Amino acid sequence: MSQEDISLDEKRTYGEKRDTTVAYVATGLGLARVEISGDQVGRVGLVHQGAVQDVAGGDGQLLVATDEDVLVGTEEGFAGTSFGPAVAVGVGGDRLLAADGDGRVAHLAGDQWEGLGTVDEPRRFDGPYLATGDGVVRADDDGLGGRGLSDVRDVAAAGPYAATADGLYRWVDGEWTVAREGRASVVAAEHGRVHAVTGDGLVAREGEGGRWTACDLPVAEQVADVAYGESPTVVTAAGTVLVDAPSDATPDGTGGWRHRSLGMPDVTAIAIP
């Protein structure tokens with residue numbers, strides 16, 4: 001048995017054990033399940049084989065976009081939904097959302113998909129928001145509503161924020177305001193903290209009036225996505241998972257980024273249900 005096969009509980013012999021966070025990563029080989037506890041990126045396993053385009057999670061729900069169908073995570077594994085091939089999925093409260101390559105957007109009502117409308121170049125969901133080539137779109141009970149901007153690469157419902165080719169924007173008092181100048185390709189936000197991928201790499205801000213600071217990652221790889229579990233968790237396109245561990249979770253008390261390669265290519269997204 002190799003060191004990488006040892007479980008988190010076996011590795012953490014000394015000190016207080018921490019709760020384990022389970023993250024799911026969309027890769028070109030399939031859906032990877034990753035256990036994270038404190039500063040440990042532990043057991044990794046492929047729980048669904050075949051290219052995964054996107055994954056979304058929240059409120060204990062997991063949704064997976066593949067080249068064949070949209071899958072819903074269950075206690076027994078994954079169940080098909082008869083949506084067909086999908087490029088983006090989202091979990092918005094009690095609503096499960098999906099979009100295909102032609103721009104069709106729908107939500108899952110019971111065991112049936114109900115169409116909400118079409119968009120240009122669907123890219124990424126976060127909650128009810130969808131980043132598209134034509135701007136930010138919000139999925140509501142009565143369909144899709146455009147929220148402006150253009151060439152939007154990613155969205156974060158907490159804010160909300162939008163990452164675009166022109167800059168990072170936040171919706172304030174009914175309009176988009178510049179949160180950070182310069183192109184942005186990824187954004188994630190939760191409880192007042194924000195992470196974004198910009199021309200300067202991964203940057204972060206804590207609190208409404210906080211300053212943007214560069215994240216000194218230990219790997220020189222393109223960040224594909226960011227999620228929040230016990231700690232901010234990053235995945236790169238090359239398949240490295242990084243955790244910004246708090247000081248009390250590291251043996252020397254310094255905290256900072258800990259990482260592990262999944263050995264899986266073509267990573268697009270990470271989700272923590």
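Which backbone nitrogen lies 3.1 Å from a polar atom of the side chain of Thr66? The backbone nitrogen of Glu68 does.

The model is predicted: local features need pLDDT of at least 70, side-chain atom pairs count only at pLDDT 80 or more, and totals for chains, interfaces and linings use all residues. Residues are numbered from 1 along each chain as its sequence is written, and side-chain values use heavy atoms, with hydrogens and water left out.

The protein as a whole comes next. It has 1 helix and 28 strands; these are DSSP runs numbered from the N terminus, helices being H or I of at least four residues and strands E of at least two. The C-alpha atoms fill a box of roughly 55 × 45 × 30 Å along the principal axes. Of the 273 residues, 50% are buried, where buried means under 20% relative accessible area, exposed over 50%, and partly exposed in between (1.4 Å probe, protein chains only).

One part of the fold is an open sheet of 4 strands in the order β4-β5-β6-β7, with antiparallel pairing. Its edge strands, β4 (52–58) and β7, each pair on one side only. Two strands pair if DSSP finds at least two bridges between them. Strands of a sheet pair through backbone hydrogen bonds, either parallel or antiparallel.

Within this sheet, β6 (residues 70–74) and β7 (residues 77–80) run antiparallel and are joined by 4 bridges. They form a hairpin with 2 residues between them. Leu71 has Gly80 in β7 as its bridge partner, and Val72 has Ala79 in β7.

Thr66 itself lies in strand β5 (residues 61–66). Is Thr66 buried or exposed? Thr66 is buried, because its relative accessible area is 2%. Not counting residues up to four places away in sequence, Thr66 touches His48, Ala51, Leu71, Pro85 and Ala86, contact meaning heavy atoms within 4.5 Å.

Notes
Polar contact = N/O pair within 3.5 Å; in protein donor to acceptor, adjacent residues only side chain to side chain.
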